[in-house]
Amino acid sequence: DGFEVCAHVRAQHWGERIAMFAVTGWGQQADRERSERTGFDGHIVKPVDPDGLLAIVDETYRKHHEQAPL
């Protein structure tokens, strides 16, 4: 499942550099916490709101690039 894929990618040396988002029909707080613990950058509940998707991708991009070494 997606949680296993995310955990596997994050375990690789290159896995930190990939943005990963859980896109699911499950939106309870426990579901969101599991996504965060697994290593997803965000948890998006279906149906996907295009503006919300762009906002979370933008936020993740900015977060990763602010932390990048010069």
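Tutor: D41 forms a salt bridge with R10, and their closest N and O atoms are 2.8 Å apart. A salt bridge here is a side-chain nitrogen of Lys or Arg within 4 Å of a carboxyl oxygen of Asp or Glu. The model is predicted: local features need pLDDT of at least 70, side-chain atom pairs count only at pLDDT 80 or more, and totals for chains, interfaces and linings use all residues. Residues are numbered from 1 along each chain as its sequence is written, and side-chain values use heavy atoms, with hydrogens and water left out.

Where do the partners sit? D41 lies in the loop between α2 and β2 (42-45), and R10 lies in helix α1, so the pair ties together parts that are 31 residues apart in sequence. Helices (H or I, at least four residues) and strands (E, at least two) are DSSP runs, numbered from the N terminus. D41 has 18% relative accessibility and counts as buried. Buried means under 20% relative accessible area, exposed over 50%, and partly exposed in between (1.4 Å probe, protein chains only).

Now follow D41 to a neighbour. T60 touches A19, F21 and D41, not counting residues up to four places away in sequence. Contact means heavy atoms within 4.5 Å. T60 is in helix α3 (residues 50-66). T60 is buried, with a relative accessible area of 4%.

Helix α3 brings in another pair. The count comes to 2 salt bridges. R62 forms one with D58, with closest N and O atoms 2.9 Å apart. Both lie in helix α3, 4 residues apart, about one turn of the helix. R62 is partly exposed at 49% relative accessible area. D58 is partly exposed too, at 35%.

The axes of α1 (residues 2-11) and α2 (residues 29-38) come within 9 Å and cross at roughly 25 degrees. Axes are lines fitted to C-alpha atoms, for helices over the stretch in contact, and angles run from 0 to 180 degrees between N-to-C directions. The two helices are therefore roughly parallel to each other. Angles under 35 degrees count as roughly parallel, over 145 as roughly antiparallel, 65 to 115 as roughly perpendicular and the rest as oblique. R10 takes part in this contact, with F3, C6 and A7 of α1 and R34, S35 and T38 of α2.
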